[in-house]
Amino acid sequence: MDAAMKALWEQRKALVETALKEELYKEPPLDAELAEAMEYSLMAGGKRLRPILVMAAADAVGADGTQFLTTGCALEMIHTYSLIHDDLPAMDNDDYRRGKLTNHKVYGAGLATLAGDALLTLAFEVLLRQEHATESTRLAVVREMSMAAGMNGMVGGQAIDLASEGHRIPMELLRKMHMGKTGALFRAAIRSGAILGGASDTQLAALTRYADAFGLAFQITDDILDVVGDEAALGKPIGSDERNHKSTYVTLLSLEKAQALAKSTVDEALDALSGFGDEAAFLRALVQMLIDRNH
């Protein structure tokens with residue numbers, strides 16, 4: 001990613017950080033400790049990739065992506081809730097996330113569960129605050145988000161993941177699992193940004209193809225990083241997939257074949273953007289970044 005794209009990333013990431021805190025405390029919290037637990041994970045850092053993708057997709061169809069920061073914040077709340085729940089003892093039982101103790105290690109499993117629940121439900125309240133959009137457009141985005149987060153999206157993928165622990169699963173099931181667990185929120189981010197930006201049917205179809213390829217490439221590179229990544233940059237121990245006997249693109253293929261598949265999938269995403277001009281430059285940079293990322 002060149003200097004101009006990195007600067008744009010940092011600029012928009014800063015917008016997300018400020019807006020997230022504002023959206024979290026729009027209304028005084030009923031319970032201070034619950035709000036503290038929500039803030040602990042929501043403001044723990046991270047790339048803020050999903051809200052940045054919302055804005056970049058809107059840019060790609062000729063809109064000003066920063067107008068849809070509110071929707072990006074809602075998506076980040078959904079993503080954060082999923083991380084809190086994923087780390088719980090009944091799920092992955094992880095001690096660290098982004099270099100910090102996981103939510104349940106600080107607040108206990110009960111309050112951590114409630115913090116995740118509260119972030120998920122708050123996200124839909126935030127979505128309905130989105131300005132620069134008609135009521136029908138906001139409802140279309142709510143539909144995108146709810147489908148992506150639910151039984152046929154992220155939660156469905158997590159259920160497959162939970163049932164697959166300790167088993168070697170076929171590639172078809174692995175792909176299905178990650179299309180839900182990881183890919184669904186990326187798809188929702190990009191499609192929502194496009195819808196808010198006024199995309200044509202042709203543009204929305206192309207960006208959906210980009211989104212699906214982006215999600216797959218992200219997951220493959222995530223699996224690769226669990227083998228060869230920088231533990232300090234990742235903020236969590238590497239090698240957890242092998243220790244937990246999880247099927248990944250690396251274990252089912254090989255490291256070299258997984259790396260080749262990641263590269264070809266990035267190329268598919270770039271091809272999906274062939275009908276766009278410079279307005280999609282940030283989307284191109286974001287998917288190319290996946291090949292070189294270390295966290």
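Which side chain does Arg191 meet in a salt bridge? That would be Glu144, at 2.9 Å, N to O. By salt bridge I mean a side-chain nitrogen of Lys or Arg within 4 Å of a carboxyl oxygen of Asp or Glu.

Quick housekeeping, folks. This is a predicted model, where local features need pLDDT of at least 70 and side-chain atom pairs count only at pLDDT 80 or more, while totals for chains, interfaces and linings use all residues. Residues are numbered from 1 along each chain as its sequence is written, and side-chain values use heavy atoms, with hydrogens and water left out.

Back to our pair. Arg191 sits in helix 9 and Glu144 in helix 7 (residues 135-149), 47 residues apart, so it links distant parts of the chain. Helices here are DSSP runs of H or I, at least four residues, numbered from the N terminus. Over the whole structure, a search turns up 14 salt bridges.

Now helix 9 itself, residues 171-196. From first C-alpha to last, its 26 residues reach 35 Å, close to the 38 Å expected at 1.5 Å a residue; that expectation is 1.5 Å times one less than the number of residues. Still, helix 9 has a kink of about 55°, centred on Gly183. After helix 9 comes Gly198, with a positive phi near 85°.

On to helix 15, residues 281-292, which packs against helix 1 (residues 3-24) at about 95°, axes 10 Å apart. That makes the two roughly perpendicular, a label covering 65 to 115 degrees. From helix 1, the contact uses Met5, Leu8, Trp9 and Arg12; contact means heavy atoms within 4.5 Å.

Helix 14 (residues 255-272) also comes within 9 Å of helix 15, axis to axis, crossing at roughly 175°. So these two are roughly antiparallel, meaning over 145 degrees. Among the residues meeting there are Lys263 in helix 14 and Arg284 in helix 15.

How values were computed:
Axes fitted to C-alpha atoms, helices over the stretch in contact; angles between N-to-C directions. Parallel < 35°, antiparallel > 145°, perpendicular 65-115°, else oblique. Bend = angle between axes of the 7 residues up to and from the residue.
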